[in-house]
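Hello,

Here is the structure I promised to pass on to you. Have a look at it, and then read on for what turned up.

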Amino acid sequence: MTRITLVEGDITEQQVDAVVNAANSSLLGGGGVDGAIHRKGGPQILEECRRLRASQYGRGLRTGQAVATTAGDLPARWVIHTVGPVYLVEEYGERAELLASCYRESLRVAVELGARTVAFPAVSAGVYGWPPAGAARIALGTVAEVTADPGFGGGLEEARFVLFGRETYEVFEDVGRELGSTGRE
Ligand code: ADP
């Protein structure tokens with residue numbers, strides 16, 4: 001069974017097999033966690049993203065999808081890039097489904113890679129404007145649901161949410177308690 005854990009910290013410092021990046025569809029870098037990953041991971045990640053753009057992702061990565069590259073100089077082995085939806089209350093249902101898809105697809109890629117540990121940021125909860133509690137409910141709910149499925153294989157031992165700042169960490173902690181999804185062995 002996959003453990004779901006929460007830590008407050010910087011995702012670029014995590015000793016895990018794969019870190020998930022809240023990328024944008026260009027795959028060519030941006031601000032927030034994306035900027036931090038490219039800065040600390042070095043030019044190799046961007047180089048691989050450019051190659052992806054030149055091959056099967058000519059038009060960029062679609063919202064809700066995920067794709068892996070090397071992790072360059074990060075302690076992790078892979079970066080799994082996913083594109084979260086921008087928050088838009090008028091299209092909440094559709095966009096919530098896309099945010100859930102980011103976690104589902106990232107987990108699918110992690111299993112494909114053979115990762116035992118994967119770290120997630122709070123996708124869409126920064127510049128893309130998702131209210132933190134809603135983002136946490138979708139994040140924790142989806143990861144709990146996917147990893148609890150008996151058909152979910154791959155030996156993923158830990159899905160770690162790395163929350164940047166005390167406030168976001170506490171929101172995830174409250175939601176995790178509410179859903180009963182964290183601290184699960
Ligand atoms: P998005 O565009 O998907 O909203 P952001 O990078 O703007 O992505 O923000 C997503 C979340 O990642 C926010 O909660 C932000 O505080 C957080 N974040 C920013 N830098 C880091 C980091 N180095 N490690 C972990 N989380 C980070």
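How far does a backbone N or O atom of valine 127 lie from an oxygen atom of the ligand? In this predicted model, the distance is 2.8 Å. The protein buries 89% of the 560 Å² that the ligand exposes when taken alone.

For serine 124, a backbone N or O atom is 2.9 Å from an oxygen atom of the ligand. For glycine 126, a polar backbone atom is 2.8 Å from a ligand oxygen. There are 15 residues around the ligand, and the ones that come nearest are Asp10, Val33, Ser124, Gly126 and Val127.

The other thing to look at is helix α2, which runs over residues 43-54. Its 12 residues should span 16 Å at 1.5 Å a residue, and the C-alpha atoms at its ends are 17 Å apart, so the two values agree.

Which residues of α2 are buried? They are Ile45, Cys49 and Leu52. These three lie on the same side of α2, because they cover an arc of only 55° around the axis.

On the face of α2 turned away from its buried side you will find the exposed residues Pro43 and Ala54.

Enjoy exploring it!

Best wishes

How values were computed. Residues numbered from 1 in each chain as written. Predicted model: local features only at pLDDT ≥ 70, side-chain atom pairs only at ≥ 80, totals over all residues. Heavy atoms only, no water. Helix = DSSP H or I, 4+ residues; strand = E, 2+ residues; numbered from the N terminus. Expected span 1.5 Å × (residues − 1). Buried < 20%, exposed > 50% of the residue type's maximum accessible area, 1.4 Å probe, protein only. Arc of directions from axis to C-beta. Near = heavy atom within 4 Å. Polar contact = N/O pair within 3.5 Å; in protein donor to acceptor, adjacent residues only side chain to side chain. Areas by Shrake-Rupley, 256 points an atom, 1.4 Å probe, with all protein chains shown as cover.
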